[in-house]
Amino acid sequence: MTTGAASETTTPVEHRGWRLLRRALLEQRRGIAFGVAASLVWTAARVAVPRLVQLAIDRSITGDERAWPYAVAVAVAGAVSGVFLGIRRYVAFDNARRVEARYRSRLFAHLQRLHVAFHDVTATGELMSRANTDLQMFQNVVTMVPITVGNALIVLGAVAIMLTISPMLTIVAVAGLPIVNVVGRRFSQKLHPAVMGVQRESAELAGVVEETVSGIRAVKGFGAEDVQRAKLATEADDVRREALRAAHVRARYLPLVELMPNLGLVAVLAYGGWLVIDGGLSVGELVGFNLYVAMLIQPLRMLGMVIAQGQRAVAAGERIAEVLDTDPAITDPARPVALPAHRPGQTGGLRFDGVVFGYRTDAHDPAAPPVLEELDLEIAPGESVALVGPTGCGKSTVARLLPRFYDVEAGSIELDGTDLRHLRLADLRRAVGLVFQETFLFSGSIRDNIGFADPDAPDERIRRAARLAGALDFIEALPAGFDTELGERGLSLSGGQRQRLAIARALVADPRVLLLDDATSAVDPDTEHEIREAMNEVMAGRTTIVIAHRPATIALADRVVVLDEGRIVATGTHAELLASNERYRAILATEAVA
Amino acid sequence: MWLQGGVDDAERLDLDATRAVLRRTARRLRPYRADAWRAFGLLVLWTGTVVAGPVLVGWAVDVGIRPRDGRALTAIVVGYLIVASAGYVLYRWAVVSLARVGENFLRDLRVGVFDRLVRQSMAFHDRNRPGVLVSRMTSDIDSLGELVQFGLLMFTAAALQLIGTIIVLTMLSPMMMLVCLISVPVVAVASRKFQRDSNRAYLAVRDHIGDTLSALQEGISGVRIVQAFAREELEAERFARTNDELYRSHMASVKVAAWYLPVIDMAGTLTTAAAIALGGYLAADGDPSIGTVVAFILLLQRVFEPVQQLSQLFNLVQSATASLSKVFGLLDEEVDIDEPEAPRPLPATGDLELEGVRFAYGDGPDVVADVDLRIADGERIAFVGPTGAGKSTVAKLVARFYDPTGGVVRFGGVDLRDASPAEIRRRVLVVPQEGHLFAGSIGDNIAMASPGAGDDEVWAALRAIGAADRFAAFPDGLATELVDGGGRLSAGERQLVSLARAALADPAVLVLDEATSSLDPAAEHEVEDALEALMAGRTVVVIAHRLSTSERSDRVAVIADGGIAELGTHDDLVAAGGRYAAMFETWSRAGVS
């Protein structure tokens with residue numbers, strides 16, 4: 001689910017990942033500088049503690065000075081280190097979460113503007129993972145900046161102090177430690193595919209659960225419980241196998257990460273012990289070494305991981321940048337023309353002039369034949385036209401060209417005498433009301449959904465639109481009326497009710513052109529009948545294009561246009577065509593009984 | 001899987017519930033107790049090797065270094081080396097053992113919960129939203145996976161290390177240990193508060209993540225509508241608000257950790273300072289020895305790390321317990337349709353009888369009441385009526401998707417409740433015409449109702465409904481793999497697969513839920529023919545949405561308000577001038593005729 005076509009492209013994209021990271025860090029530079037400063041203070045205080053403990057042991061515990069000044073010094077250093085640990089942590093996470101929030105909002109806003117053709121070829125899940133998983137990985141690296149600086153300084157500071165005490169012992173103590181770093185990196189590299197394996201198998205298992213639960217009627221209807229049970233058992237075994245593989249990777253590396261510093265401590269005791277016996281080192285210094293070695297483990301382990309995480313963040317950044325760098329293909333013209341004001345019955349004239357269009361989204365088949373070939377069609381203001389034809393004839397394409405979801409390849413479409421491409425998108429889309437077969441309602445109240453095109457619409461406009469769409473009765477019958485919440489956690493409506501809300505939504509801005517794309521084929525005949533009743537008033541004074549199979553719906557239109565293979569093959573009234581046109585009768589034949 | 005976001009009060013478990021969940025977990029772990037005990041034993045030994053390090057260093061100071069005894073020092077160094085190596089082996093072994101226990105537990109849980117889900121009645125599935133059921137099996141059990149994969153190990157190791165260190169500290173010098181206790185109240189109070197606050201913050205973050213992802217998904221999948229209504233900017237603003245709330249909730253949770261970690265860190269150094277002060281004072285008298293003070297200081301460094309880890313892991317454990325209790329809740333749901341003790345065999349064919357049948361969901365009002373109907377062997381009956389009037393409920397009762405709350409449903413004279421569910425399924429098949437497809441090949445999809453059927457039988461079934469040519473034309477034939485619910489097949493082809501599935505299963509009674517959406521005319525025609533072939537010679541109950549279907553049935557039952565309003569042949573009912581006649585009137589006016 002994470003990657004797709006996006007990750008396949010190579011070199012130039014990689015720079016985009018780095019560029020995005022650099023930009024994100026620059027935008028957050030003040031916070032990052034602050035975090036690094038806090039890290040510096042924290043490091044200084046923390047590195048001082050073992051040194052103070054060493055002095056305490058040498059001068060007080062094995063010597064004859066008083067102990068308490070040293071104890072106070074340790075306590076003060078500890079307090080400073082603690083306070084700045086907190087500050088560093090807060091600032092580091094704040095930076096990262098700010099970057100995450102900023103880029104998620106940017107991504108969303110950008111996606112809203114990207115052309116429909118982009119969304120056609122990009123799965124929702126893939127975009128979701130850009131704005132979720134990828135962004136998580138990306139922000140992670142922002143957190144790491146001050147923390148990594150702190151860790152690097154701890155390593156440098158501790159090693160520097162150790163060197164002043166005994167260069168030879170320092171070498172003995174830390175010689176094995178870089179291995180921790182290497183092991184940490186290897187561990188990340190090895191674990192990553194294993195974890196991905198677990199995720200992959202879990203996703204497959206989820207697939208079986210999902211298809212079974214959502215298709216429970218089919219599973220039970222056909223008595224296929226055992227078939228699904230066996231499938232699930234296989235998937236569960238696969239998940240276990242992958243998880244155990246990951247566990248074996250952990251088992252190999254985690255204990256090693258523990259072992260290396262322990263060997264360092266053994267070496268310190270062996271060589272340092274001899275130095276103390278020979279008088280070259282004090283007991284306190286030996287203890288100090290012990291504490292420093294212990295202090296180095298965590299930072300080294302993290303430094304090892306930082307590289308792997310950085311690589312993953314850059315890869316995630318590439319995928320995010322790929323979306324952000326895609327420019328919307330359908331935009332406002334440089335010098336937009338204004339539409340004449342809407343006057344019912346006199347505006348809303350449409351003219352298709354030699355329109356050629358094809359969906360050139362399939363990279364494997366650039367020569368796909370166009371869906372519309374030289375389409376010429378004129379629709380008078382206020383006229384209602386039914387587009388009829390077999391699947392794939394291009395009728396839905398006409399519906400998608402009208403709001404400029406796509407631009408024509410050749411020819412032009414004019415609304416009230418202006419080429420669509422010369423209009424501001426918002427003006428055009430306000431003038432054209434759309435109802436699709438798949439009704440998509442948003443979470444929010446019924447009122448919000450109807451007023452989608454015009455959030456400031458007064459209540460009476462909303463009511464009027466609901467009434468025109470034949471939705472008023474059922475809305476008022478709901479306990480909360482127009483305030484009823486819809487969506488995931490709200491009320492679920494029937495198909496017919498949803499469809500009527502979608503019609504009301506299209507009507508609220510009083511569009512001069514109304515387009516119903518197969519808006520009633522998914523509802524049962526009773527409901528369709530109800531919707532049809534409402535249509536007469538809706539269509540009055542408004543140019544209407546209806547795409548439908550059912551004769552009764554088609555019969556609502558003043559004129560029927562029959563499309564086949566991207567061309568108009570006949571036009572006329574429903575009755576005329578029925579009487580004269582063989583092809584038309586054939587298209588309607590199987591629908592005739594219902 | 002991220003849409004389940006909502007966190008309810010049920011997630012905040014009280015102590016008793018937690019205990020119950022733990023007991024139950026222990027019971028489910030029983031088959032793996034050998035591994036579990038081994039893992040625990042190994043971790044105890046490993047803790048010993050961890051704590052031994054500082055003690056050995058202290059001892060070396062006392063008996064080797066200060067007395068300048070090189071041989072004693074060498075002996076201790078060798079001992080230390082052995083202990084460290086043993087630690088490596090023990091830890092590695094423990095990780096593997098523990099993982100085996102955890103993954104086996106999860107596997108059993110997945111299989112067990114799924115088994116429960118498919119055994120549950122249709123009534124259960126109607127009651128529960130699919131999304132919620134799926135999330136029990138996925139996000140809830142996956143969150144346990146996180147615990148099993150590293151949380152459990154870290155939790156056990158940290159707890160043992162804490163206990164082990166305290167024991168050794170006390171043994172080394174009870175006097176110094178007493179002074180170190182000054183930090184205990186601070187640490188205890190801070191940890192308690194941290195747990196509570198961070199749990200709350202974590203739940204809030206989860207809520208907000210859920211909200212943000214829902215908003216994200218809605219915005220992306222509804223992008224065409226957004227653009228069609230020129231709402232891009234408003235939607236972007238709306239999303240930014242949700243997204244900012246997520247940022248704020250993240251920071252609230254960061255704040256909780258940002259003060260807690262420093263407090264624990266400071267408590268650590270403070271205790272070291274106290275040990276230095278007291279050690280300096282006491283060591284002057286030689287008791288405790290200098291080596292003991294050294295070991296003490298070194299060990300103190302290791303007390304506070306486990307405390308920190310435990311506090312952080314506590315949330316993981318708590319949310320895992322909440323997930324487990326939800327999963328167990330699902331396992332506890334009784335299966336309301338169950339196999340009778342001694343099932344009565346069903347005849348190969350027979351009449352269907354409904355006698356005084358009523359049905360209600362739970363304690364709700366009756367959705368079906370007083371239905372008496374006899375469907376003769378081989379008869380074709382159509383159920384018509386408005387949406388929600390109960391026609392599909394009656395159909396489901398016939399197939400024993402539900403048990404009636406009153407009255408009885410019989411097939412060939414046998415009460416369906418006395419028959420085995422598997423046998424009912426062989427006699428009475430429910431065919432949702434919209435054709436839900438499963439991952440796998442076309443062949444698998446057709447054979448799913450009759451496991452063991454080979455390609456020949458599948459082809460025979462396809463031929464029987466006249467659809468063999470259509471699928472023979474596919475390059476991979478029956479082996480064509482379907483992904484994502486069969487997106488590669490057209491709607492008509494999906495329906496044909498569903499019908500072939502039924503033809504292969506060859507039931508006596510077919511309960512057919514007619515598709516509501518219309519296909520394009522050519523496909524419609526093909527499906528009609530296949531359906532006609534399938535229905536030949538069987539008893540058919542069809543939930544009809546088209547007049548053509550009811551017209552061709554032997555009898556029509558108009559179902560309204562949960563009962564049979566009219567019953568008779570199409571012609572009789574039209575002549576009678578009742579509801580059906582009115583429906584017929586509307587429908588035919590809508591048509592061409």
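How many bridges join strand β9 (residues 513-517) of chain A to strand β10 (residues 543-547) of chain A, and in which sense do they run? The tour returns to this pair after some orientation.

**Before selecting anything**

This is a predicted model, in which local features need pLDDT of at least 70 and side-chain atom pairs count only at pLDDT 80 or more, whereas totals for chains, interfaces and linings use all residues. Residues are numbered from 1 along each chain as its sequence is written, and chains are lettered from A, with ligands numbered from 1, in the order in which they are written. The model scores are ipTM 0.84 and pTM 0.77.

**Stop 1: chain B as a whole**

The chain B mean is 85, with 94% of its residues at 70 or more. Helix α2(B) has the highest confidence, at 94, and helix α21 (residues 579-590) of chain B the lowest, at a mean of 74. Residues 1-11 of chain B have pLDDT below 50; beyond near neighbours in sequence, this stretch has 30 contacts in the model. A contact here joins two residues whose C-beta atoms, placed from the backbone, lie within 7 Å.

Chain B contains 21 helices and 12 strands; these are DSSP runs numbered from the N terminus, with helices of type H or I and at least four residues, and strands of type E and at least two. Its C-alpha trace spans about 115 × 55 × 50 Å along the principal axes. The radius of gyration of chain B is 35 Å, while a compact globule of 593 residues would have one near 25 Å; the radius is taken over C-alpha atoms, and the globule rule is 2.2 Å times the number of residues to the power 0.38. Of the contacts in chain B with a separation of 6 or more, 80% are between residues 24 or more positions apart.

**Stop 2: the sheet in chain A**

Now select β6, β9, β10, β3, β11 and β12 of chain A. These six strands form an open sheet in the order β6-β9-β10-β3-β11-β12, with mixed pairing. Strands β6 (432-435) and β12 (567-572) of chain A each have a single partner strand, so one side of each is left without a neighbour in the sheet. The twist averages 20° from one strand to the next.

As for the opening question, β9(A) and β10(A) run parallel and are joined by five bridges; strands count as paired if DSSP finds at least two bridges between them. Within this pairing, V513(A) has T543(A) as its bridge partner. Axes are lines fitted to C-alpha atoms, for helices over the stretch in contact, and angles run from 0 to 180 degrees between N-to-C directions.

**Stop 3: β1 of chain A and its partners**

Select β1 (residues 350-357) of chain A with β2 (residues 372-379) of chain A: the two run antiparallel over five bridges, and F357(A) is partnered by L372(A). Strand β4 (residues 410-415) of chain A is also antiparallel to β1(A), again over five bridges, with L350(A) opposite L415(A).

**Stop 4: the interface**

Show both chains. In the contact set, 132 residues of chain A meet 134 residues of chain B. Helix α9 (residues 225-278) of chain A supplies the largest share of the chain A side, 30 residues.

**Stop 5**

Select helix α10 (residues 290-300) of chain B. All 11 of its 11 residues are buried, so the helix is largely enclosed by the rest of the structure. A residue is buried if 20 or more other C-beta atoms lie within 10 Å of its own, exposed if 12 or fewer, and partly exposed in between, with C-beta atoms placed from the backbone. The buried residues pack against elements of both chains, including α2 (29-61) of chain A and α9 (232-283) of chain B.

From I290(B), move to R66(B), which touches I290(B) and V61(B), residues up to four places away in sequence not being counted. R66(B) sits in the loop between α2 and α3 (70-119) of chain B and is partly exposed, with 16 C-beta neighbours inside 10 Å.

**Stop 6: β6 of chain B**

Finish at strand β6 (residues 428-432) of chain B, where four of the five residues are buried. It pairs in the parallel sense with β9 (residues 509-513) of chain B over five bridges, L429(B) having L510(B) as its bridge partner.

Definitions and conventions. pLDDT is the predictor's confidence in each residue, from 0 to 100.
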